[in-house]
Amino acid sequence: MTTEAATRRMSGAPCWVSLLAHSMSATQEFYGALFGWEFRPGPQHFGPYARAFLDGREVAGVGELAPDRHLPVSWTTYLASDDADVTAEQIRCCGGTVGVGPLDADDDTGRMAIGSDPQGAIFGVWQGKSLMGTARTGDPGTPVWNELVTRDTGSVSPFYEHVFGFEAEPVASAGPDALTLQLKGQPVAGMRGVGTDLPRDRGSHWMTYFAVPHTDAAARRVTELGGQVLHAPRDSVHGRLAAVADSEGAVFTIIQQG
């Protein structure tokens with residue numbers, strides 16, 4: 001069932017996901033084949049950038065790293081803000097770091113910043129103007145959930161509560177250290193403490209979940225396209241899911257919702 005994304009997200013709610021890759025063309029080919037995305041040029045303030053569309057609606061962004069930046073590629077979750085400058089100051093005051101911005105997108109779609117929490121997890125801040133964020137969600141090929149994976153939730157949940165106004169609720173069915181982050185009583189994101197299972201090469205990070213019609217088939221398709229299945233498909237309380245990586249190593253989760 002198609003879900004039209006709200007015109008304006010509640011401040012703090014995940015509203016956009018974006019990927020910085022080494023090869024724009026290879027990345028577009030991978031996600032175009034996996035999710036059926038089509039791409040159109042977007043703002044170029046950090047270099048080549050395109051927005052991914054599904055049936056004419058924006059679902060994500062893909063940018064290209066400069067050739068001399070040999071960084072691991074990863075998906076970045078953007079959290080909505082009514083004022084990116086105020087949010088950036090709150091990030092700093094609560095022990096986080098602002099690495100980029102705040103600055104205006106060069107096509108006047110909004111104002112953004114890139115920050116990290118006290119445990120080093122990177123996220124974006126988006127103050128939407130003409131683009132409020134992902135315009136379609138809930139369907140296969142669209143982002144449907146965002147979850148912070150960290151060492152322990154107790155050391156970082158106060159940061160997100162103070163900066164973004166989340167209310168954290170324990171979720172026993174999701175593990176011994178799992179929280180749902182709520183805004184005005186609505187679940188908008190998750191947080192999971194994994195202790196020593198936290199990947200050493202990634203550290204704390206935000207994970208993007210994309211809906212697929214069939215998790216097992218999508219996992220096979222990932223490998224056919226040059227990606228990897230990191231955790232085999234398994235059933236969860238939210239649906240059948242698998243952790244995968246694209247052809248350049250960017251990690252995300254695919255989920256067939258129940």
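Predicted model: local features only at pLDDT ≥ 70, side-chain atom pairs only at ≥ 80, totals over all residues.
1. Residues are numbered from 1 along each chain as its sequence is written, and side-chain values use heavy atoms, with hydrogens and water left out.

2. An open, mixed sheet is built from 8 strands, ordered β12-β13-β14-β11-β15-β18-β17-β16. Strands here are DSSP E runs of at least two residues, helices H or I runs of at least four, numbered from the N terminus; pairing takes at least two DSSP bridges between two strands. Neighbouring strands are turned by 25° on average, direction ignored, with axes fitted to C-alpha atoms (for helices, over the stretch in contact) and angles running from 0 to 180 degrees between N-to-C directions.

3. Within that sheet, β17 (239–245) and β18 (251–257) run antiparallel, joined by 7 bridges. Arg240 faces Gln256 of β18 across this pair. Helix α1 (24–35) packs on the sheet and touches β15 (205–211), β17 and β18, its direction making about 10° with that of β18; contact is heavy atoms within 4.5 Å.

4. Now look at β6 (74–80), where 6 of the 7 residues are buried (under 20% relative accessible area; over 50% is exposed, in between partly exposed; 1.4 Å probe, protein chains only). β2 (14–21) runs antiparallel to β6 over 6 bridges, with Trp16 opposite Tyr78. β9 (122–128) pairs with β6 in the parallel sense through 3 bridges, and there Leu79 stands opposite Val125.
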